[in-house]
Amino acid sequence: LLWVEEGVAVKKKKKPKPPPRPKTDAEKFAALMEAEEWEKAAHFAATSPSQELRTRETVVAFQAAKATDGGKPPVLRYFGALLALKGGLTHDEGVALATPMVAQGQLPLLQRWIGEGRLRPSEQLADVLCDAERGGPA
C-alpha cells in the first residue's frame, strides 16, 4: 500500500523479475559435481550438446572425485556414460581410461573396444597398450 487517494487504497505495481539467466553447461556441470550427483554429472558431461565438457579437465575432475555412496567410482561412471555413446571416446579420454585398465589386466577388453570403435587409436593409446604387452609401466 503506497497511498490513499479519495478513499481508495492504491498499490504500486511491482516490476516483474527478470528471468534467471540460463546457466552454461560448465556451470550446470560444476553444480552437479559439487552436489556429488556423480551419475547425473557423468551423463550431463558426456552428452552436453556443445561437447565443451569433453575435456581433459573433466576427466581429471572425475578422477579426483570420491564416491561417497560406496558405489562405483565417479570416473568409471563417466567413462561408462561415454562408452554408451555412439561416437566413442576422444584420444585423451581413451588414454585416461586405458591406463588404469591396463594396470588391472583388462587388455583384452580394451582391444575389443578399439575393434568396436569405442576407443580411437592414437599414438599415446598405442604406447599404453604396447607397454602393457611388454610388461612395462602403463
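**Aromatic pairs and the nonpolar core**

Three aromatic pairs are counted in this predicted model, with ring centres required to lie within 6.5 Å. For Y78 and F79, the ring centres are 5.9 Å apart and the planes meet at 40 degrees, so this pair is classed as tilted. Planes under 30 degrees apart would count as stacked and those over 60 as edge-to-face. Y78 is buried, its relative accessible area being 0%, and F79 is likewise buried, with a value of 3%. Through ring pairs, F29, F62, Y78 and F79 are joined into a cluster.

The largest nonpolar core comprises 32 residues. F29, F62, Y78, F79, L97 and L110 have the most contacts inside this core. At least two core residues come from each of the helices α1 (25-34), α2 (38-47), α3 (56-64), α4 (74-83), α5 (91-103), α6 (107-116) and α7 (123-134).

F29 is located in helix α1. This residue is buried because its relative accessible area, 8%, falls under the 20% limit. When neighbours within four places in sequence are set aside, F29 is in contact with A41, F44, A45, L53, T58 and F62. The C-alpha atoms of F29 and K40 are 8.8 Å apart in space, the two residues being eleven residues apart in sequence.

For L110, with neighbours within four places in sequence again left out, the residues in contact are A98, M101, V102, L119 and L129.

Note on methods:
Residues are numbered from 1 along each chain as its sequence is written. This is a predicted model: local features need pLDDT of at least 70, side-chain atom pairs count only at pLDDT 80 or more; totals for chains, interfaces and linings use all residues. Side-chain values use heavy atoms; hydrogens and water are left out. Rings of Phe, Tyr and Trp (its six-membered ring) pair if their centres lie within 6.5 Å; planes under 30 degrees apart count as stacked, over 60 as edge-to-face and the rest as tilted. Buried means under 20% relative accessible area, exposed over 50%, partly exposed in between (1.4 Å probe, protein chains only). A nonpolar core is a set of buried Ala, Val, Leu, Ile, Met, Phe, Trp, Tyr and Cys residues joined through side-chain atoms within 4.5 Å. Helices (H or I, at least four residues) and strands (E, at least two) are DSSP runs, numbered from the N terminus. Contact means heavy atoms within 4.5 Å.
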